[in-house]
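Here is a short briefing on one protein model. Read it with the sequence and the coordinates open.

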Amino acid sequence: MKKALFLIFFSAITLFGTINAQKISIAYLDMAYILKNLPQYESANDQINMLSKKWQKEIDALQEQARVLSANYQSEQIFLSEQMREQREQEILSKEKEALELRHKYFGPEGELFKKREALLKPIQDEIFATIQEIASEKRYDIVKDRSTDKSLVYMSNKLDISDLVLQKLGAK
């Protein structure tokens, strides 16, 4: 019995020692900092924002047209025949529906904004991740964490931060 306990205890210590003997190399980066300092990312983001504002103006114009039609209808309603009232109500509903459809077309889950963002930002993100993998392979990092999204990170030594190295490899200043 004592031999069995000793053997289990010795095996546990050996296993624990083996796990501790493996050194895990960790590096950190700040993705928000990297993106902010990449001119191509800023340019792509500016294009996306301009398109978004342009499309929002189109939608706002349609909504304003619907609002004006509705206001006019409210003020003229008592003077209109039943047929004219129905026609005006249909015009208002049609304009509101048109605005809603346009919003969905531009800003929906599979909308134009999503597609444009994907087309402009995905190549940049892919290049960043390839660069991170290259650096991790060269420097033999086992783990690279993003400190801008890691809320549990309390302290990190600056010598573990590879953000500037990533930017340098990407050709950013």
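**Salt bridges, helix packing and surface**

Arg 67 has a relative accessible area of 48%, so Arg 67 is partly exposed. The model is predicted. Its salt bridges number 10.

**Salt bridges within helices**
- Arg 67 pairs with Glu 64 through their side chains, at 2.6 Å from N to O.
- Both residues sit in helix H3, three residues apart, or about one turn of the helix.
- Glu 64 is also partly exposed, because its relative accessibility is 36%.
- In helix H4 (residues 82–107), Lys 97 and Glu 101 lie four residues apart, again about one turn of the helix.
- Their side chains form a salt bridge at 3.8 Å, N to O.
- Lys 97 is exposed, with a relative accessible area of 53%, while Glu 101 is partly exposed at 47%.

**A salt-bridge network**
- Arg 147 and Asp 161 form a salt bridge, with 3.4 Å between the closest N and O atoms.
- This pair links distant parts of the chain, 14 residues apart.
- Arg 147 and Asp 161 both lie in the loop between strand E2 (143–146) and helix H6 (163–170).
- Arg 147 counts as partly exposed at 30% relative accessibility, and Asp 161 is partly exposed with a relative accessible area of 23%.
- Salt bridges link Asp 30, Arg 147 and Asp 161 in a network.

**Fold**
- The protein has six helices and two strands.
- Their order from the N terminus is α-β-α-α-α-α-β-α.
- Of the contacts between residues at least 6 apart in sequence, 79% join residues at least 24 apart.

**Packing of H3 and H5**
- Helix H3 (residues 39–76) packs with helix H5 (residues 112–139) at an angle of about 175 degrees, and the axes are 10 Å apart.
- H3 is therefore roughly antiparallel to H5, as the angle is over 145 degrees.
- On the H3 side, the residues in contact include Tyr 41, Ile 48, Leu 51 and Trp 55.
- On the H5 side, they include Leu 113, Leu 120, Leu 121 and Ile 124.

**Surface and burial**
- The protein has 173 residues, and 25% of them are buried.
- It exposes about 12,800 Å², with 56% supplied by carbon and sulfur atoms.
- Ile 24, Ile 26 and Ile 143 make a nonpolar surface patch with about 240 Å² of accessible area together.
- Ile 24 lies in the loop between helix H1 (2–21) and strand E1 (26–29).
- Ile 24 counts as exposed because its relative accessibility is 54%, and the cut-off is over 50%.

Definitions and conventions
Residues are numbered from 1 along each chain as its sequence is written. This is a predicted model: local features need pLDDT of at least 70, side-chain atom pairs count only at pLDDT 80 or more; totals for chains, interfaces and linings use all residues. Side-chain values use heavy atoms; hydrogens and water are left out. Patches are made of residues with over 30% relative accessible area and no salt bridge: like charges are joined within 9 Å, nonpolar side chains (Val, Leu, Ile, Met, Phe, Trp, Tyr) within 5 Å. Accessible areas come from the Shrake-Rupley method with a 1.4 Å probe; for residues, only the protein chains shown count as cover. A salt bridge is a side-chain nitrogen of Lys or Arg within 4 Å of a carboxyl oxygen of Asp or Glu. Buried means under 20% relative accessible area, exposed over 50%, partly exposed in between (1.4 Å probe, protein chains only). Axes are lines fitted to C-alpha atoms, for helices over the stretch in contact, and angles run from 0 to 180 degrees between N-to-C directions. Angles under 35 degrees count as roughly parallel, over 145 as roughly antiparallel, 65 to 115 as roughly perpendicular and the rest as oblique. Contact means heavy atoms within 4.5 Å.
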